[in-house]
Amino acid sequence: MKKTVLFKNIRMILTLSGVRKKGGRHVTEEDLGIIQNAALVAEDGIISWIGPRKSLPKTYLKIKKIIDLKKQTLLPGFVECHTHTVFSGSRAEEFELRNQGVSYQEIAARGGGILSTMKNTRESSARELQNLSQARVNRFLRQGVTTLEMKTGYALDFEHELKCLKVMKTLGPIRIVPTYLGAHALPPEFKSTQGYLDFILKKVLPEIKKKKLAKRVDIFIEKSFFDATLAKKYLSTVKDLGFDIVIHADQLSLSGGADVATELQALSADHLIQIQDSEIKKLAKSKTTCVLLPAADLYMDCAYPPARKLLEAGARVALATDFNPGSSPTQDLNLVGLLARIKMKMTLPEVIAAYTFNAACALGLENEIGSLEVGKSADFMGIKGNWQELFYSIGVSQASSVYFSGQQISE
Ligand code: NIG
Ligand code: FE
């Protein structure tokens with residue numbers, strides 16, 4: 001028998017149905033698809049009815065399990081589509097160095113940066129990583145995150161990258177989307193990037209596929225990391241193996257990442273600080289979602305990506321924390337949204353779409369999550385104030401209740 005739940009006494013629901021209809025492009029306030037005095041029915045965690053309370057079909061009045069949402073406003077659970085949540089160790093000392101003028105690349109060249117987190121992550125047991133990561137997942141879910149992407153890329157060898165992917169499988173109770181980012185930096189065991197990418201293709205990816213540990217592959221295209229020509233060849237083979245691809249693109253320099261993303265139809269191109277008008281045009285026409293990570297830009301004390309140009313050209317823009325110990329040691333979604341509003345002049349409806357439907361597109365999950373509509377997962381959060389108060393204060397989450405698949409997971 002199906003488990004049916006009626007959610008009632010909802011002040012309003014931001015369904016995001018209009019955003020979904022427009023494919024997440026040219027979003028305005030009307031696209032939030034607001035229903036006043038609403039009700040929602042979930043059967044086995046999937047929305048089977050949503051609408052104004054007075055239109056609720058009589059058959060649903062027989063439902064035994066009723067949840068009173070006490071006049072909260074509902075919106076889709078946030079989709080955090082770019083994080084590096086599984087890692088060990090801190091890089092606080094490096095942060096001090098950067099503030100004193102040493103560059104990110106220089107710290108990396110001295111063996112700091114990604115390679116220092118690599119050392120700590122390799123040395124940590126699966127249990128230690130699991131405890132650290134679960135605490136971080138909890139911090140995300142309390143803010144209303146019901147789907148959380150996380151990348152490997154802090155172990156860079158066969159054994160420990162797989163250890164990290166297996167740790168991801170143990171995390172919950174929200175939806176975890178693992179991404180393999182072996183091509184994050186060249187590990188010390190390898191002399192050439194080509195040799196390392198060949199090793200990934202021959203040894204690591206077949207195992208990940210066999211064990212069903214990830215369906216997505218990411219790469220850091222950047223000067224002194226992986227260049228666009230090698231990356232393009234690598235990613236084409238990765239696609240042929242059946243993986244979705246995503247790219248850390250044009251963050252520190254214009255290195256061709258966005259172009260590779262549009263040519264190979266990557267699900268997302270992330271960072272995009274250095275892109276110019278020609279890349280903006282191609283991204284706007286493509287299916288690739290542009291994932292902007294302004295908290296990393298704040299920490300790196302660099303320019304912000306040209307969000308308004310992307311939005312006005314018709315690109316689909318998503319936002320995420322890029323949570324990692326180096327360039328973005330924060331899990332605060334409000335900070336991200338606030339920076340998007342202040343520094344990139346995104347409107348509040350654009351920010352809400354960027355953290356829900358558009359982020360779902362970045363994960364290829366737009367048919368399951370990202371808007372509250374019949375057939376989608378009952379993943380939502382309740383807020384007490386007006387939706388206009390979202391992404392307004394830093395450090396205080398608006399989420400007063402969080403539901404994943406129809407079940408309450410946080411107060
Ligand atoms: O998304 N750019 C590459 N990766 C991370 C930073 C990783 C690190 O510094 O540990 C990022 O910003
Ligand atoms: Fe990142």
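Guide: A polar contact is a pair of N or O atoms within 3.5 Å. This is a predicted model, where local features need pLDDT of at least 70, side-chain atom pairs count only at pLDDT 80 or more, and totals for chains, interfaces and linings use all residues. Residues are numbered from 1 along each chain, chains are lettered from A and ligands numbered from 1 in the order written, and side-chain values use heavy atoms, without hydrogens and water.

Visitor: What makes His184 a polar contact of ligand 1?

Guide: A polar atom of the His184 side chain is 2.8 Å from a nitrogen atom of ligand 1. That is within 3.5 Å, so the pair counts.

Visitor: Which oxygen contacts does ligand 1 make with Arg91 and Tyr104?

Guide: For Arg91, a polar side-chain atom lies 2.8 Å from a ligand 1 oxygen. For Tyr104, an N or O atom of the side chain is 2.5 Å from an oxygen of ligand 1. Both pairs are within 3.5 Å, so both count.

Visitor: How much of ligand 1 does the protein bury?

Guide: Alone, ligand 1 exposes 330 Å² (Shrake-Rupley, 1.4 Å probe). The protein buries 100% of that.

Visitor: How many residues surround ligand 1?

Guide: There are 15, each with a heavy atom within 4 Å. Arg91, Tyr104, Tyr154, His184 and Ser327 are the closest. The shell divides into four nonpolar, nine polar and two charged residues.

Visitor: How do you know how many disulfides there are?

Guide: A disulfide needs two cysteine sulfur atoms within 2.5 Å. The structure holds zero. For Cys302, the nearest cysteine sulfur, that of Cys290, is 17 Å away, so Cys302 is in no disulfide. For Cys361, the nearest is that of Cys81, 10.0 Å away, so Cys361 is in none either.

Notes. A polar contact is a pair of N or O atoms within 3.5 Å; within protein, one must be able to donate a hydrogen and the other to accept it, and residues adjacent in sequence count only if both atoms are side-chain atoms. Ala, Val, Leu, Ile, Met, Phe, Trp, Tyr, Cys and Pro count as nonpolar, Asp, Glu, Lys and Arg as charged, and the others, Gly among them, as polar.
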